Amino acid sequence: MKAIIFISTNKSGSSREAIKAAEKLGYFTILFTNNEKQFQQRKEYKDVHKMTFVDTSSVKEMREEISMLQTKGVDVKTIVSFVDPYVHIASTLCDEFCNNNNSSKAIKMMEDKEETRQFLQKESYTPRFISIKPNDIVSTNSIIENLGLPIIVKSPKSTGSKDVLLAKRKVQLENNIDILRSKNPKETIILEEYIGGDQYLIEAVVYNKNAHIVGVIEQEITRGKRFIITGYGVLVDVPEKIKKGLEDVLHSITKAFGIENGALHLELRLSKQGWKLIEINPRISGGAMNKMLHAAFGISLVEETLKLFLGEKPNLTPKHHQHVFTKYFVSEERGILEKVTGKGRAKNSPGVVEVYVKTKKGSLLVPPLSMGHRYAYVIATGTSLKEAKDHANSAINQIEFHLKPKENEDT
C-alpha cells in the first residue's frame with residue numbers, strides 16, 4: 001500500500017487540496033492531527049483514508065506512529081506538511097523514513113525569519129534590520145537613528161501576519177516592543193525598516209536546482225491593526241522588468257540556500273531602492289492560492305509539488321492563461337455571526353469561479369489581527385485583471401454577514 005503521510009491540515013485551502021491531490025494520484029492518505037474537531041467532523045474528510053490523533057509537536061510520538069504503520073506493511077513514500085509550523089518537522093521525518101527529495105536544512109532556515117535575515121543580510125534585497133535578544137537593553141533612539149520611522153516590529157516565528165506590528169512614532173515603537181516581549185519573553189524580536197511600494201507574491205518550484213516561477217501575484221493590503229492581505233491579482237502578462245527582477249531574487253535565494261528540489265513562496269516589495277524581500281516560506285501559500293493558480297493557468301501546484309516530493313518531474317506548463325482576482329472578506333465589526341446571506345447571488349455574479357464562506361453560525365467575528373480572520377473569499381475571472389477584480393469585488397459585496405454585538409474582551 002503506497003501512502004503519503006500529511007502532518008496537519010486546514011479544513012480548506014492548499015493543505016486540504018494537497019490531500020485530495022494525493023488521493024487522485026492513487027496514494028493512501030494518512031493524516032496526523034492533534035485537532036479533536038477534525039475527528040468530530042470525520043465524515044467531512046473522505047479524502048483522508050486514515051486519520052491518526054497524535055501530538056504533532058512531538059517528533060517522538062509521530063516517529064512511533066510511522067514505525068507502527070511500516071510494521072503493518074504500509075509503504076510510506078513521503079511525509080509532508082503544507083501547514084506552518086510543521087513543514088520542517090515533516091521533512092526531518094521524511095529524512096528518517098523515506099527517500100527525501102526536499103532540503104530539510106533550507107526549510108528550517110526559511111521557517112525562522114531571524115535566521116533568514118542574518119543569512120541574507122549582505123544581499124541588496126534584504127531590508128535593514130536589528131535583532132533584539134530577550135535580555136538586551138533597548139535604546140529606541142538608536143534604533144530610530146539606524147532604521148528611521150516607520151519601523152516594523154515582529155516575531156521571527158510569526159505566520160499569517162500575527163505578531164507583525166507597525167510603529168510610526170517612538171512611543172508606538174516602545175509599546176510594540178513591550179507587547180511582543182510580554183507575549184514571548186524568551187524570543188528574539190526583529191525590527192525592520194518599513195518598505196513602501198507595491199507588494200508581490202511569487203509562487204515557485206525548484207527542480208534539479210532550477211527555480212521556476214509558477215505565478216506572480218499582486219497583493220492588495222488592508223492596513224488596520226495588522227497588515228492583512230485582502231486581494232490577490234494573478235498576473236498573466238508579467239512586465240519584463242518586473243519578471244527579470246523577481247527571477248534574479250529567486251535564483252539568488254535558491255542558490256544561497258542550496259535548494260535542489262522544493263516549493264516556496266516569496267513576498268517582495270518594489271521600493272525606490274529596488275526589490276526588497278519581506279519574507280520567505282518553504283511551501284505553497286495557503287488559503288485560495290492553489291485554486292487561484294488553477295483558474296489562471298490550469299496547474300494544480302499542490303499536485304505538482306507532491307510529484308516533486310515523490311521524485312517525479314513536475315509539469316509546470318500552463319494549460320491556459322486567464323486573468324484572475326481573489327477578494328477576501330474581513331469584518332469591520334466585532335460580533336457573533338447569526339447568518340450569512342447573498343452567497344447564491346455572489347455565485348451567480350459575472351466571472352465568478354468560486355465563493356467560499358469559512359465561518360459558521362455562532363462564530364465570533366472580529367476586525368482582523370491575522371490572516372485567520374478572513375472569513376470568506378470570491379475567485380473571479382475577467383478579460384483583463386481590472387475586470388476580474390471588478391467581478392470579485394462586485395460578488396463579495398453581495399455577501400452579508402449578520403452579526404449580533406458581543407461585549408469587548410481579549411481576542
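Author: Two strands pair if DSSP finds at least two bridges between them. Please bear in mind that the model is predicted.

Reader: How many bridges join strand β15 to β17?

Author: Strand β15 covers residues 335-341 and runs antiparallel to β17. Within this pairing, I336 stands opposite L364 in β17. Pairing requires at least two bridges, and the number that joins β15 to β17 is 2.

Reader: Which strands are the edge strands of the open sheet?

Author: The open sheet has 3 strands with antiparallel pairing, in the order β17-β15-β19. An edge strand here pairs on one side only. The edge strands are therefore β17 (364-365) and β19 (400-405).

Reader: How many degrees lie between the planes of F119 and F257?

Author: The structure holds 8 aromatic pairs. In one of them, F119 and F257 lie 5.0 Å centre to centre, and the pair is tilted. Their planes are at an angle of 35 degrees.

Reader: Where in the chain do F119 and F257 lie, and how many residues apart are they?

Author: This pair links distant parts of the chain. F119 belongs to helix α6 (residues 113-119), whereas F257 belongs to helix α9 (residues 240-257). The two are 138 residues apart.

Reader: Why does the pair of F329 and F401 count as stacked?

Author: F329 in strand β14 (residues 323-330) and F401 in strand β19 are 72 residues apart, yet their rings lie 4.3 Å centre to centre. Planes under 30 degrees apart count as stacked. The pair is stacked because the angle between its planes is 5 degrees.

Reader: Which residue has its charged end over the ring of Y328?

Author: Y328 forms one aromatic cluster with Y232, Y356 and Y377. A charged end sits over the ring of Y328, 3.8 Å from its centre. That charged end belongs to R374.

Methods
Residues numbered from 1 in each chain as written. Predicted model: local features only at pLDDT ≥ 70, side-chain atom pairs only at ≥ 80, totals over all residues. Heavy atoms only, no water. Helix = DSSP H or I, 4+ residues; strand = E, 2+ residues; numbered from the N terminus. Phe/Tyr/Trp six-rings, centres within 6.5 Å; stacked < 30°, edge-to-face > 60°. Lys NZ or Arg CZ within 6 Å of the ring centre and 35° of its normal.
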